[in-house]
Amino acid sequence: MTDIEIANSVTMKPITEIAGKLGIPADVPELYGKYKAKLPLCLIDETQIRNKHLILVSAISPTPAGEGKTTVSIGLAEGLNRIGKQTTVVLREPSLGPVFGIKGGATGGGYSQVLPMEDINLHFTGDFNAVEKAHNLLSALIDNNIQSKTSSIGLDPRTVTWKRVMDMNDRSLRHIIVGLGGTTSGIPRETGFDITAASEVMAILCLAEDFEDLKQRLGNIFIGYTYDKKPVYARDLKANGAMAALLKEAIKPNLVQTIEGNPAIIHGGPFANIAQGTNSVIATKMGLSLSDFVVTEAGFGFDLGAEKFFDIKCVKAGLNPSAVVLVATVRALKYHGGVKLDALKEENTEALAQGMENLEKHVENMKKFNICPIVAINRFVSDTEAEIEMVKEKCKSLGIPVEVANVWAEGGKGAEKLAALTAKVAEQCLCQLKPLYDWNWSVEKKIETIAKEIYGAAAIDYTSQAKSDLKKIKALELEHLPVCMAKTQKSLSDNPKLLGRPKDFIVTVRQIEIASGAGFVIPITGDIMRMPGLPDQPAAERIDIDKEGHISGLF
């Protein structure tokens, strides 16, 4: 069966029953129908968090073959519950861009899914819509202030860096001109669209601790300069109060369920290649307040989502993970070893051995953060025993525990051994997170440290635009902020064509965006775009709905 057919075959439990598993009284969740609910922030208990186990799931460098990081995260949570560990999986919300683009859905797969999958993959509880509206409200206020003759603060439109956003892959909107149509239609200027997942408002939502923190961060959004070179922030336009009001419900995490009826908290949706790539601090702390184990995932490979999870989210929120699980697949490793996509089902131990250089580098990176590491081999039906054994032997030679997960086919049952290993490692782990860099270092030193230590780069090259941006950051006294690298997910380098473990490459930083509200700066490397485009055959072409309202084509 397809993922959506499997999901539809499950009889879901009322969401109040799922909340009861977390000790939440039935009248506390704010219901969105029978199977979804918002959780109020009062359920977060900071005194409980220190004694719980936070498990991060990451992966090797992604390939078109798919690694199944979300599927393993859900399956691991199911497995932990099966062996008696009270566990909640805490995930990001899917963006409509990838849903209608390549993925066709992002709620796990097979018998390892979160439900109701159609709702979660589409509009869900409206969080993305709220982020989009809050972001675009600021965009409208900016252009209105530029146009105004009575309330203008003298904002120079040539310096405005704030774009608009929409939750869709649409490359034609990357660069546009607004304000055409005469004097009553605004001041013409060049701008563009980013995807909603890349919005600084999304980043702020996912790093805010509460309503007051949210409003303050929104006010700190840098917009541009006045004609007399004074910096302008969202608070100068009195925008942050109304923006926060639009996010009144979106700041609350969403409670849903897994196929096996265990709790799942889903909240926020920043991408890891162009944003910080992890769910909200509020959702993670909510999970840790209500359960003994929390399994969470960080987007794309360890070099992107996991690095940002540790160096930005954990440092900001004071979190200390007990273990990190690196998802690898035989198929992906063979792809990194040079096998074409249509030949990955054939046994090829030579290519597998070559591709394991990618696994080796990610394992090295895991150890840099002083968190107990595990490798999970996400099994596909085409994997042979010889190939599985090769990956196991490689992990043993690297001194890292490894276990096979067969969660797509078996759900939690297929993750019981991985769950037992993960619980043992987490409960015995006495490690304290060691960030890769000090936030007080210069921006150049932080970028260089990530690029050389995590990516394996030989050097960094800055364009004239990036050098100008560095001067701007220093002038605004924002050098103390961490860096959130924007880089292709397809390679450890900034060149998507360099697979495996590239060496002696140069990372090119072409510009550095300022996200002072979120609390980081964004070095943009290579050709990475913050507004993706659709593929030649988008997933939207196969998604449909029948006369009875049944959706098909979500995978």
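**Exercise 1. In this predicted model, find which residues of α7 meet which residues of α8, and describe how the two helices pack.**

Solution. Step 1: start with the residues. On the α7 side, look for Phe 128, Val 131, Ala 134 and His 135; their partners in α8 are Glu 200, Val 201, Met 202 and Leu 205.

Step 1: sort these residues by class. The contact of α7 with α8 has six nonpolar residues, one polar and one charged.

Step 2: turn to the geometry. Two packed helices are described by the angle between their axes and the distance between the axes. For α7 (residues 127-147) and α8, the angle is about 125 degrees and the axes lie 9 Å apart.

Step 3: name the arrangement. Angles of 65 to 115 degrees count as roughly perpendicular and those over 145 as roughly antiparallel. With an angle of about 125 degrees, α7 and α8 are therefore oblique to each other. The crossing of α7 and α8 is right-handed.

**Exercise 2. Now follow α8 to α9 and work out how these two helices are arranged.**

Solution. Step 1: read off the geometry. Helix α9 covers residues 211-219, and α8 packs against α9 at an angle of about 150 degrees, with 9 Å between their axes.

Step 1: compare with the cut-off. Because angles over 145 degrees count as roughly antiparallel, α8 is roughly antiparallel to α9.

Step 2: α8 and α9 make a right-handed crossing.

Step 3: find the residues. α8 brings Val 201, Ile 204, Leu 205 and Leu 207 to the contact, while α9 brings Asp 213, Leu 214, Arg 217 and Leu 218. Six of the residues in this contact of α8 with α9 are nonpolar, none is polar and two are charged.

**Exercise 3. Describe the packing of α4 with α17.**

Solution. Step 1: locate the helices. α4 spans residues 69-82 and α17 spans residues 416-428.

Step 1: use the angle. The helices pack at about 80 degrees, with their axes 8 Å apart. α4 and α17 are therefore roughly perpendicular to each other.

Step 2: list the partners. Val 72, Leu 76, Gly 79, Leu 80 and Arg 82 of α4 meet Glu 416, Leu 418, Ala 419, Thr 422 and Ala 423 of α17. Here the classes are six nonpolar, two polar and two charged residues.

**Exercise 4. Describe the second largest pocket and what lines it.**

Solution. Step 1: give the volume. The second largest pocket has a volume of about 940 Å³.

Step 1: look at the lining. There are 40 lining residues, and Thr 161, Trp 162, Lys 163, Gln 511 and Glu 513 lie nearest the centre of the pocket.

Step 2: trace the elements. Among those that each supply at least two lining residues are α8 (200-207), α19 (464-475) and β20 (506-515). The largest share, six residues, comes from β20.

Step 3: sort by class. The lining has 20 nonpolar, eight polar and twelve charged residues.

Definitions and conventions: Residues numbered from 1 in each chain as written. Predicted model: local features only at pLDDT ≥ 70, side-chain atom pairs only at ≥ 80, totals over all residues. Heavy atoms only, no water. 1 Å grid on protein atoms, 1.4 Å probe; cavity = no way out; pocket = protein on both sides within 12 Å on 5 of 7 lines; lining within 4 Å. Points joined across faces, edges and corners; volume = space filled by probe spheres on them. Helix = DSSP H or I, 4+ residues; strand = E, 2+ residues; numbered from the N terminus. Nonpolar A, V, L, I, M, F, W, Y, C, P; charged D, E, K, R; others polar. Axes fitted to C-alpha atoms, helices over the stretch in contact; angles between N-to-C directions. Parallel < 35°, antiparallel > 145°, perpendicular 65-115°, else oblique. Left-handed = near helix turned anticlockwise from the far one by under 90°. Contact = heavy atoms within 4.5 Å.
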